[in-house]
Structure formats: C-alpha cells, structure tokens
Amino acid sequence: MGQDHIRYDILAQDALRGVIRKVLAEVAATGHLPGDHHFFITFLTGAPGVRISQHLKAKYPEQMTIVVQHQFWELKVSETGFEIGLSFSDTPEKLVIPFNAVRGFYDPSVNFELEFDVASGEEDESESAEITAYPVNEADDASQKGPGPDGAPKGGGGSVVSLDSFRKKN
C-alpha cells in the first residue's frame, strides 16, 4: 500500500465539518431551529481562533459544550467558523468558534453525532484523525439517549471509524 499524498483523512473531516457548517448556516438564515432539532457542540477552548470571555475560559480551560436550542442570538456562519450569542447564568456572552476547534456535534432529536479528534495546538494535526458517527437506533432504551456530562451520548449504538487504520505507517 502506498503513502496517502491526498490525505483522505483530512478531506473526510473537512467534509463532515461541512455538514455542521451547512446546518448552522440554515439556522442562521431562518433564525430558528426546525422542529425539535437542537445541538450540543463541544469545542476546545484553547484552540487557535476560539474567542470566549476570560470567565468562560477559566471555568472551561480545555473544552466546553454549548447547547444551541431556544435562547441564542446573532448566529453568524463563515467558511471557517461561527459566532453565536448565548447566555451563561443570565450573563450574555459572544463566542467565536472555528470549525477546526469543534470536537463534537450532537443533535439528540434524531440521535445524530459527529466526533473529531482535534489537535490542541502543540500536537501535530496530521497524527490522528478519528470520526465517530452514531446512527439512529430505535431499539435503544429512551432513557439511555441524550448527552452525558461531556456532551457525548449516553448509552450505546455507535461505532468508531479510525482513519489511521487506513493509513500506512512509516
């Protein structure tokens, strides 16, 4: 097997981040979420380009999960990231989050999740690329659905596809 000069792992992650970009852009255009959809978005707070208040950075020094549901404002989406206004303990905050900082995206209304390995800055981004997709599984007990404390879904059903397994190690 030859060396992957095309970097399919990076292309796949970019394509899946494009799903998040498209969904958020549609929400920004309409100003609301369709149906029962809502999102848990986990991101690395120290990743390049992330802008959050010092208060939030102190409270969440490594990663943070936000909920985009009923109360958000000024959602703006670009090719590289998004800005959103959210309230934390009745304090309005503006967050700027590059898509490359997003570690997870979960829509519990349809049990859909994307998970990414994100380089924290000092690591080489090309070392690891992992994508997890959690399909809808109606047989799961409803009490097991929904996010756990880290924003990942409770209960089972998901499978991890490690893109490193498709790459030839040097």
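R7 is partly exposed, at 22% relative accessibility. The cut-offs are these: buried means under 20% relative accessible area, exposed means over 50%, and partly exposed lies in between, with a 1.4 Å probe and protein chains only. Areas come from the Shrake-Rupley method with a 1.4 Å probe, and for residues only the protein chains shown count as cover.

This is a predicted model, in which local features need pLDDT of at least 70 and side-chain atom pairs count only at pLDDT 80 or more, while totals for chains, interfaces and linings use all residues. Residues are numbered from 1 along each chain as its sequence is written, and side-chain values use heavy atoms, leaving out hydrogens and water.

What does the side chain of R7 meet in a salt bridge? Its partner is the side chain of D9, with N to O at 2.6 Å. A salt bridge here is a side-chain nitrogen of Lys or Arg within 4 Å of a carboxyl oxygen of Asp or Glu. D9 counts as buried, because its relative accessibility is 5%. In general, side chains of opposite charge can pair when their charged atoms come close.

The count of salt bridges comes to three. Another of them joins E26 and K22, whose closest N and O atoms are 3.1 Å apart. E26 and K22 both sit in helix 1, four residues apart, or about one turn of the helix. Helices (H or I, at least four residues) and strands (E, at least two) are DSSP runs, numbered from the N terminus. E26 is partly exposed, at 46% relative accessible area. K22 is exposed, at 54%.

E83 and K94 also meet through their side chains in a salt bridge, at 3.3 Å from N to O. E83 lies in strand 4 and K94 in strand 5, so this pair ties together parts 11 residues apart in sequence. E83 is partly exposed, at 22% relative accessibility. K94 is partly exposed too, at 48%.

Which residues have the most contacts inside the largest nonpolar core? They are I41, F43, I66, F82, I84 and L95, in a core of 30 residues. Such a core is a set of buried Ala, Val, Leu, Ile, Met, Phe, Trp, Tyr and Cys residues joined through side-chain atoms within 4.5 Å. Helix 1 gives two or more residues to this core, and so do strand 1, strand 2 (63–68), strand 3 (72–77), strand 4 (81–88), strand 5 (91–98), strand 6 (102–107) and strand 7 (112–116).

Take I41. Leaving aside neighbours within four places in sequence, I41 is in contact with L24, M64, T65, I66, V68, F82, V102, G104 and F105. Contact means heavy atoms within 4.5 Å.

Two buried loop residues come next. H38 sits in the loop between helix 1 (8–30) and strand 1 (39–44). H38 counts as buried because its relative accessibility is 14%. Its side chain reaches the backbone oxygen of D36 at 2.9 Å. Beyond four places in sequence, H38 is in contact with residues including L33, V68, Y106 and P108.

T45 lies in the loop between strand 1 and helix 2 (54–59). T45 is buried, at 4% relative accessibility. A polar atom of its side chain lies 3.1 Å from the backbone oxygen of P61. Beyond four places in sequence, the contacts of T45 include V50, I52, Y60, P61 and M64.

Next, the backbone. Most residues other than glycine have a negative phi. D90 is not a glycine, yet has a positive phi of about 65°. D90 lies in the loop between strand 4 and strand 5. N111 also has a positive phi, near 50°, and is a residue other than glycine. N111 lies in the loop between strand 6 and strand 7. Are these residues buried or exposed? D90 is exposed, at 75% relative accessible area. N111 is buried, at 8%.

Last, the surface. I6, Y8 and L11 make a nonpolar surface patch of about 330 Å². Patches use residues with over 30% relative accessible area and no salt bridge; like charges are joined within 9 Å, and nonpolar side chains (Val, Leu, Ile, Met, Phe, Trp, Tyr) within 5 Å. Y8 belongs to helix 1. At 54% relative accessibility, Y8 counts as exposed.

How values were computed:
Polar contact = N/O pair within 3.5 Å; in protein donor to acceptor, adjacent residues only side chain to side chain.
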